[in-house]
Amino acid sequence: HVRGRTNTGTRFVGPEFEYFRAKPGLRETPHWRAPGRPFVRMAPSDSTKPRKPVAGEAAQSDSIDLTADVVISQNDSLMWASGRVVIERPDMIAKADSATMDQGTGFARLLRTPSIQGRGERPFTLTGIVIDLWSREQRIERVRSDGEARILSDSLTLTGDTIDLRI
């Protein structure tokens with residue numbers, strides 16, 4: 001039973017954890033690997049500056065919770081997850097078989113039966129073969145579902161090869 005916290009604020013709990021420190025001539029950045037379905041709570045990229053809510057939005061945690069069969073992280077910025085991936089934020093829950101996230105660029109990709117359920121005032125479910133997300137300062141700006149895309153809400157059902165939402 002391993003518990004840990006990185007210097008950037010990412011916390012993890014799981015049965016096993018392998019850490020590879022940066023070493024000149026061998027690897028430039030540290031990375032870690034956690035098999036056995038760990039739970040990872042990723043802190044905002046700058047945890048000293050919480051995001052200010054937009055007008056009409058309640059203050060909320062900017063952390064992202066990730067659970068998967070295996071999680072790999074490079075320098076606490078790039079994350080790869082595989083096997084029954086669940087990504088949770090206060091405003092949404094995403095599921096897929098595999099996912100990759102780049103906190104530096106704000107890009108994430110969900111693969112193999114991905115779905116996103118919005119939990120806001122207007123709940124929705126988005127599915128497809130591949131779902132890409134772009135965010136800035138912990139706020140989602142764009143979501144694109146490719147291949148058999150479908151979005152379902154209380155007032156809309158939309159299907160197509162590609163659905164590209166700009167928020």
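The term pLDDT denotes the predictor's confidence in each residue, on a scale from 0 to 100. The structure shown above is a predicted model, and its chain has an average pLDDT of 86. Of the residues, 89% reach a score of at least 70.

## Confidence along the chain

Among the elements of the chain, the lowest mean pLDDT, 90, belongs to strand β1 (residues 2-5). The highest, 96, belongs to strand β10 (residues 107-111). Over residues 46-60, by contrast, the pLDDT is below 50. This stretch has 13 contacts in the model beyond near neighbours in sequence. Where pLDDT is low, the predicted coordinates should not be read in detail.

## Overall composition

The chain contains 15 strands and 0 helices. It has 167 residues, of which 37% are buried. The accessible surface of the chain amounts to about 10000 Å², and carbon and sulfur atoms contribute 51% of that area. Contacts can also be sorted by the distance along the sequence between the partners. Among contacts with a separation of 6 or more, 37% join residues 24 or more positions apart.

## Aromatic pairs

How many aromatic pairs does the structure hold? There are 4 aromatic pairs. One of them joins phenylalanine 12 and phenylalanine 17, whose rings are stacked, with 4.0 Å from centre to centre and 5 degrees between the planes. The pair counts as stacked because planes under 30 degrees apart fall into that class. Phenylalanine 12 is buried, at 8% relative accessibility, whereas phenylalanine 17 is partly exposed, with a relative accessible area of 22%. Ring pairs also bring in Trp32, which forms a cluster with Phe12 and Phe17.

Another ring pair consists of phenylalanine 107 and tryptophan 134. The ring centres are 5.4 Å apart and the planes meet at 55 degrees, so this pair is tilted. Phenylalanine 107 belongs to strand β10 and tryptophan 134 to strand β13 (residues 130-136), so the pair ties together parts that are 27 residues apart in sequence. Phenylalanine 107 is partly exposed, with a relative accessible area of 24%. Tryptophan 134 is likewise partly exposed, at 24% relative accessibility.

The charged end of arginine 142 sits over the ring of tryptophan 134, at 4.4 Å from the ring centre.

## Two buried aspartates

Strand β13 also contains aspartate 132. Is aspartate 132 buried or exposed? Aspartate 132 is buried, because its relative accessible area is 0%. Leaving aside residues up to four places away in sequence, aspartate 132 touches Phe107, Ala108, Arg109, Arg142, Val143, Arg144 and Asp146. Phe107, one of these contacts, is the residue whose ring pairs with that of tryptophan 134. Arg142 is also among the contacts of aspartate 132. The C-alpha atoms of aspartate 132 and arginine 142 are separated by 8.2 Å, and the two residues lie 10 residues apart along the chain.

Aspartate 65 is located in strand β6 (residues 64-67). It is buried, with a relative accessible area of 16%. Not counting residues up to four places away in sequence, aspartate 65 touches Phe39, Val40, Arg41, Val86, Ile87 and Glu88.

Each of these aspartates has a side-chain polar contact with an arginine, as the table shows.

| Aspartate | Arginine partner | Polar contact between side chains |
|---|---|---|
| Aspartate 132 | Arginine 109 | 2.6 Å |
| Aspartate 65 | Arginine 41 | 2.6 Å |

## Positive phi angles

Most residues other than glycine have a negative phi. Which value does phi take in arginine 37? The phi of arginine 37 is near 60 degrees, which is a positive value in a residue other than glycine. Arginine 37 lies in the loop between β4 (31-35) and β5 (39-42). It is partly exposed, with a relative accessible area of 28%.

Glutamate 148 also has a positive phi, near 50 degrees. Glutamate 148 is part of strand β14 (residues 139-153). With a relative accessible area of 64%, glutamate 148 is exposed, because the exposed class covers values over 50%.

Methods: Residues are numbered from 1 along each chain as its sequence is written. This is a predicted model: local features need pLDDT of at least 70, side-chain atom pairs count only at pLDDT 80 or more; totals for chains, interfaces and linings use all residues. Side-chain values use heavy atoms; hydrogens and water are left out. Helices (H or I, at least four residues) and strands (E, at least two) are DSSP runs, numbered from the N terminus. Contact means heavy atoms within 4.5 Å. Rings of Phe, Tyr and Trp (its six-membered ring) pair if their centres lie within 6.5 Å; planes under 30 degrees apart count as stacked, over 60 as edge-to-face and the rest as tilted. Buried means under 20% relative accessible area, exposed over 50%, partly exposed in between (1.4 Å probe, protein chains only). A charge sits over a ring if NZ of Lys or CZ of Arg is within 6 Å of the ring centre and within 35 degrees of the ring normal. Accessible areas come from the Shrake-Rupley method with a 1.4 Å probe; for residues, only the protein chains shown count as cover. A polar contact is a pair of N or O atoms within 3.5 Å; within protein, one must be able to donate a hydrogen and the other to accept it, and residues adjacent in sequence count only if both atoms are side-chain atoms.
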